[in-house]
Amino acid sequence: MQKKIAVLPGDGIGKEIVAGTVQVMQTIAEQFNHQFEFEYGCIGGEAIDVDGNPLPEETVSLCKNSDAILLGAVGGPKWDNNPPALRPEAGLLAIRKKMGLFANLRPVQAIPSLADASTLKKEVIDGVDLMIVRELTGGIYFGTPRERRIENGKELVVDTLSYTNEEIERIIRKAFDLAMIRRKKVTSVDKANVLESSRVWREIANNVAKDYPEVELEHMLVDNAAMQLIRNPKQFDVIVTENMFGDILSDEASMLTGSLGMLASASLSADGPGLYEPVHGSAPDIAGQNKANPLATILSAAMMLKYSFNLIEEGNTIEEAVNQVLEQGYRTADIADGAKYVLTTTEMVEQVIRQIKEIAQNKSMSANA
Ligand SMILES: NC(=O)c1ccc[n+]([C@@H]2O[C@H](COP(=O)([O-])OP(=O)(O)OC[C@H]3O[C@@H](n4cnc5c(N)ncnc54)[C@H](O)[C@@H]3O)[C@@H](O)[C@H]2O)c1
Ligand SMILES: CC(C)[C@H](C(=O)O)[C@@H](O)C(=O)O
Ligand SMILES: [Mg+2]
């Protein structure tokens, strides 16, 4: 199979984790006879420095002309005091919006060999397997007006949370479709005791549920959901929620796996290329030190193979390799508790590549036997 992948490393650890992930994808291409062409683009702080724009037009056309997009992370203290349009994060929000990437899938699976790395009890996290479906191109992130103004002699700041019915319905349908191929339960998370947008969200979820009689729908207020995720995460299958609630709940849920450095994501549109990125950010505190955990990005690449290219065996091979490397005791610093070996970013990538080759060779030997 021949595929063109737009690669947007971004800032901070983005560059380190994406470099390793591209090597992993090249290994998959060699082992399974595919051709992946990687073309690099600028986004975020680096793009501001080079182009004066966090999302240059060239990057948008590169993404539109690719089969999928791999992104690292954007942001950093260097740009923190920039005006809103010249912040790295504006580039990330703009690429999501321009590519219509409304459905952000953030799977959270407990990894038994990482139980020691979590601050939570083993019996609470053991067997966790949930999917956060986060609405990604609407809500308070994109509402207008967003402004500062003077009213009655006082400064007033405004952020606006708005959704159309269509935007709500399509993300809820996505969650139900996913539930149909999982454990058939959807938890719709909102703040319907306060927000009008949440009350409409609930009504739409109830209507969509009528088309999926096999799927159980429950509604949960977001503050309760934040608590339930830690108290009893195994009650969840698919969680669907609006943009900002999904952002916050997914960082929280990452601790069920042991580290934010383990959480992958896929951002999907109705028909264009998908974007794959780790849930974490550019981690300025460890950037440039070859310390970052590359596994969230490597697992995002596995999602790309499965969701965008339908390369299920290849995606599974990456996931198996990651699990086996962790079972063998290899750890980066963020998950190092009790580890046999604490690896750098590049060493972890090497271990995953070694394991992918071993898995692929064992498969071809058993196919030839
Ligand atoms: N998708 C994105 O590009 C994205 C996501 C979140 C934050 N950000 C941006 O990143 C910058 C830093 O934000 P932050 O510090 O709040 O969040 P962050 O996710 O970058 O880091 C939070 C903490 O987790 C650690 N961490 C994150 N990823 C890690 C990894 N792969 N391996 C090991 N440790 C890891 C960091 O060292 C830090 O202590 C900000 O500018 C923010 O806007 C970008
Ligand atoms: C960097 C920021 C704009 C982004 C978001 O809030 O969506 C990040 O936190 C994420 O989770 O991808
Ligand atoms: Mg976030």
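Helices (H or I, at least four residues) and strands (E, at least two) are DSSP runs, numbered from the N terminus. The structure is a predicted model, in which local features need pLDDT of at least 70, side-chain atom pairs count only at pLDDT 80 or more, and totals for chains, interfaces and linings use all residues. Residues are numbered from 1 along each chain as its sequence is written, while chains are lettered from A and ligands numbered from 1 in the order in which they are written.

**Annotated positions**

- An unreviewed UniProt entry lists Asp223, Asp247 and Asp251 under "binding site". UniProt positions are given in the numbering used here, feature names are shortened, and annotations may be inferred rather than shown by experiment.
- Aspartate 223 belongs to helix H8 (residues 222–231) and counts as exposed because it has 12 C-beta neighbours inside 10 Å. A residue is buried if 20 or more other C-beta atoms lie within 10 Å of its own, exposed if 12 or fewer, and partly exposed in between, with C-beta atoms placed from the backbone.
- Aspartate 247 is located in helix H9 (residues 243–254); having 18 C-beta neighbours inside 10 Å, aspartate 247 counts as partly exposed.

**Helix H12**

- Helix H12 (residues 345–368) has 24 residues and should span 34 Å at 1.5 Å a residue, which agrees with the 35 Å between its end C-alpha atoms. The expected span is 1.5 Å times one less than the number of residues.
- Thr345, Met348, Val349, Val352, Ile353, Gln355 and Ile356 are buried in H12.
- The buried residues of H12 pack against helices H1 (13–32), H10 (295–307) and H11 (312–327), and against strands S13 (330–332) and S14 (341–343). Two residues are in contact if their C-beta atoms, placed from the backbone, lie within 7 Å.

**Strand S5 and its partners**

- In strand S5 (residues 129–135), 6 of the 7 residues are buried.
- S5 pairs with strand S4 (residues 103–109) in the antiparallel sense over 7 bridges; two strands pair if DSSP finds at least two bridges between them. Methionine 131 in S5 is the bridge partner of proline 107.
- S5 and strand S10 (residues 238–241) run parallel and are joined by 4 bridges. Threonine 241 in S10 is the bridge partner of arginine 134.

**Backbone geometry**

- The peptide bond from threonine 144 to proline 145 is cis, with omega near 0°. Proline 145 is placed in the loop between S5 and strand S6 (147–151).
- Alanine 283, in the loop between strand S12 (274–278) and H10, has a positive phi of about 40° although it is not a glycine. Alanine 283 counts as buried because it has 24 C-beta neighbours inside 10 Å.
- Asparagine 290, also in the loop between S12 and H10, has a positive phi near 55°. With 15 C-beta neighbours inside 10 Å, asparagine 290 counts as partly exposed.
- Most residues other than glycine have a negative phi, and most peptide bonds are trans.
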